Amino acid sequence: MNLLDKIVCADAEGRYYYDIINSSGKEWLLNEKNLKTAFEIYQPTAFKGRFLKRIFPYVHKWKVISEILGVKKKKISLEKDIKKFLDSTFGNDYGISYFGGTPSVHQKVMLQISRESEVKAYCKVSDNNEVGILFDKECDALMYLRECGVKNIPRVIERKTLNGLEIFIQSNVKRSCFRIEGSFSKYSLHFLYTLYCKTRVKIRFNQSDYAQMLNDLKVNCQKLNEKKKEIVVTAIGYVEDRYRENPYVEFSFYHGDFTPWNTAICKKNLCAFDFEYFKKTYPPYLDAFHFYVQAEIFLHHNSPEHILKKRKRIFKVLECLGVEVDFAFKLYLLEIINLYLSRTNCDNEAEIKNMELRLRLLQELNKT
């Protein structure tokens, strides 16, 4: 059963929703009431989706327009136990819109909780125990960062397991007048610099989360064929040799999924959310490379060659902070390749394609 179908169901007595499904199978259910607010959960990357988000709240009552745009209208209701739980948290006067999640072994449904025109919170739901563990980690991350004095991050509202579903609710930090940054900018850099300053610690490299990741990658890369495995093993050897020269390192917090769609600009400050893949002791500024690569691939649709060609110009400012760009880029690619290898099913073509692209980038950096 589709995860979204475990959370909502067709109901003649329910509320009207607009059902949007894009070309890659991602699905959104947007509450007809206050549709402009409902569309805040819809973050498309393709032109058609951006166009839809811009105009649909103003033309949705014209049935012919919905048909042309491929948007269906249906009545649905939230699963009763989840509704009871949300009622106890938010009262009865709230609206919900849904994102069915990105297909993967860590898939989760996102519920956007709003009241009138304000988004109050986001609720993530999954039927996967591993995702429940990630939710627990994210709770720990948010509390740790608040203790360290990091601002512009969500507040934990509730964490619960209900009828086999893992539920995690956090506050909305994307308050009024926000916009998504499509390119790595001074706002992104300032947030990461603050993150580094407030969470840095000096430890032995072999005691760091990054060293543990490399050990995991040595096991996970056995899933690759010999040619691809050699790319990874070569990079691991180079990294370990570099850190062997200086066993004490100054590492800091790593967001793990720092992207344009997990950040927003509000009142000239960058807000960040979705900390599920965080690590406490990683080389600084690796999030900058994830942001850059994800934006180049999914927003700007650029090739690996283009991504590498632009890297020196994009990250010139990091060099001023003492970051060796190619080495840090390599560190990041090893991290993301390990993430894909640790969670990818053999039949998940999208994730395999994403991992292959990172391997190509790593292969080219091994030559430098």
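Which residue does the side chain of glutamate 226 meet in a salt bridge? The partner is lysine 229, at 3.2 Å from N to O, where a salt bridge means a side-chain nitrogen of Lys or Arg within 4 Å of a carboxyl oxygen of Asp or Glu. Glutamate 226 is exposed at 57% relative accessible area, whereas lysine 229 is buried at 15%. Buried stands for under 20%, exposed for over 50%, and partly exposed for anything in between (1.4 Å probe, protein chains only).

A word on the model itself. It is predicted, so local features need pLDDT of at least 70 and side-chain atom pairs count only at pLDDT 80 or more, while totals for chains, interfaces and linings use all residues. Residues are numbered from 1 along each chain as its sequence is written, and side-chain values use heavy atoms, with hydrogens and water left out.

Across the whole structure, the search turns up 21 salt bridges. One of them joins aspartate 136 to arginine 159, with the closest N and O atoms 2.8 Å apart. Aspartate 136 belongs to helix H6 (residues 129–148) and arginine 159 to strand S7 (residues 156–162), so this pair ties together parts 23 residues apart in sequence. Aspartate 136 is partly exposed, at 36% relative accessibility. Arginine 159 also meets glutamate 166 in a salt bridge, 2.7 Å from N to O, and glutamate 166 is buried at 7%. Elsewhere, Lys108, Lys124, Glu138, Asp274 and Glu276 are linked in a network of salt bridges.

For cysteine 148, the nearest cysteine sulfur belongs to cysteine 197 and is 12 Å away; cysteine 148 is partly exposed at 23%. For cysteine 266, the nearest one is that of cysteine 271, at 5.1 Å, and cysteine 266 is buried at 10%.

On the surface, Trp62, Val64 and Ile68 form a nonpolar patch with about 360 Å² of accessible area together. Patches take residues with over 30% relative accessible area and no salt bridge, joining like charges within 9 Å and nonpolar side chains (Val, Leu, Ile, Met, Phe, Trp, Tyr) within 5 Å. Areas come from the Shrake-Rupley method with a 1.4 Å probe, and for residues only the protein chains shown count as cover. Isoleucine 68, in helix H4 (residues 63–69), is exposed at 63%.

Notes:
Helix = DSSP H or I, 4+ residues; strand = E, 2+ residues; numbered from the N terminus. Disulfide = S-S within 2.5 Å.
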